[in-house]
Amino acid sequence: FFFFPLPVASLSPRSSMGDEDENPMKALKIEKLILNISVGESGDRLTRASKVLEDLSGQQPVFSKARYTVRTFGIRRNEKIACHVTIRGEKAEELLERGLKVKEYELRKKNFSQTGNFGFGIMEHIDLGLKYNPSTGIYGMDFYVVMKRAGGGRVAKRRAKRTKIGFQHKCTKAETQKWFVDKYEGILTN
């Protein structure tokens, strides 16, 4: 009677779960999309920019204030100089799709952060499908997309037994770039 030891790999619990990438909790999703218009001055132009964001998102934009006075730009501390809006869910995906269409699904590698988020800018808001209104003018805007995994994010948000999101579960630059290329058939340039 001979005893053949089993290979160690077949005993490990990971191999029984199958490939790691198949875990539905590790799939990447869009957490939120932030649209920002930096006007650089308060007053009428800023009000019109906020109207553009409201028409685009259907939400009330929030105003951002200058952190300090810069004489050369002609801005004072605490003066409202920009407006932004945060969009989540289906609406965020739809607006991102429209934004990427303007960029022809082409982003630079440096548009992606180490934490797996990415952003880009467009020069004219009318490219997104809004009608041109001479009284409003034309505004450029920044898109910023924050990514998350499908599950497991609650550990950092809950009240009891709060803990950090593990290193394995954090989104990385390479993963988000792969997600962008796969989902939107996007092109990454240097």
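The structure holds eight salt bridges, and since the model is a predicted one, every value given below is computed from its atoms. Of the 190 residues in the chain, buried residues make up 32%.

Another salt bridge joins Arg-45 to Glu-41, with 3.3 Å between the closest N and O atoms. Arg-45 is partly exposed at 35% relative accessibility, and Glu-41 is likewise partly exposed, with a relative accessible area of 35%.

Which parts of the chain does the salt bridge between Arg-149 and Glu-175 link? The side chains of Arg-149 and Glu-175 meet at 2.7 Å, taken from N to O, and the pair links distant parts of the chain, with Arg-149 in strand E6 (residues 141-149) and Glu-175 in helix H4 (residues 173-184), 26 residues apart. Arg-149 has a relative accessibility of 6% and so counts as buried, since buried means under 20%. Glu-175, at 30% relative accessibility, counts as partly exposed. Salt bridges can also be joined into a network, and in this chain Lys-91, Glu-94 and Arg-98 are linked in that way.

Lys-29, Arg-88, Lys-148, Lys-157, Arg-159 and Arg-162 gather in a patch of positive charge on the surface. One of them, Lys-29, has its place in strand E1, which spans residues 28-38, and with a relative accessibility of 41% Lys-29 counts as partly exposed.

The loops deserve a careful look as well. Asn-117 is found in the loop between strand E4 (106-108) and strand E5 (118-122), and with a relative accessible area of 12% this residue is buried. What does the side chain of Asn-117 reach at 3.0 Å? It reaches the backbone nitrogen of Met-147, and the side chain of Asn-117 also makes a polar contact with the side chain of Thr-115, at 3.5 Å.

Finally, consider the backbone angle phi. Most residues other than glycine have a negative phi. Against that background, Asn-78 has a phi near 70°, a positive value in a residue other than glycine. Asn-78 lies in the loop between strand E2 (62-65) and strand E3 (80-87), and its relative accessible area of 45% makes Asn-78 partly exposed. Tyr-105 also has a positive phi, near 55°, and Tyr-105 lies in the loop between helix H3 (89-102) and E4.

Methods. Residues are numbered from 1 along each chain as its sequence is written. This is a predicted model: local features need pLDDT of at least 70, side-chain atom pairs count only at pLDDT 80 or more; totals for chains, interfaces and linings use all residues. Side-chain values use heavy atoms; hydrogens and water are left out. Patches are made of residues with over 30% relative accessible area and no salt bridge: like charges are joined within 9 Å, nonpolar side chains (Val, Leu, Ile, Met, Phe, Trp, Tyr) within 5 Å. Accessible areas come from the Shrake-Rupley method with a 1.4 Å probe; for residues, only the protein chains shown count as cover. A salt bridge is a side-chain nitrogen of Lys or Arg within 4 Å of a carboxyl oxygen of Asp or Glu. Lys and Arg count as positive and Asp and Glu as negative; His and the chain ends are not counted. The place of a charge is taken as NZ of Lys, CZ of Arg, CG of Asp or CD of Glu. Helices (H or I, at least four residues) and strands (E, at least two) are DSSP runs, numbered from the N terminus. Buried means under 20% relative accessible area, exposed over 50%, partly exposed in between (1.4 Å probe, protein chains only). A polar contact is a pair of N or O atoms within 3.5 Å; within protein, one must be able to donate a hydrogen and the other to accept it, and residues adjacent in sequence count only if both atoms are side-chain atoms.
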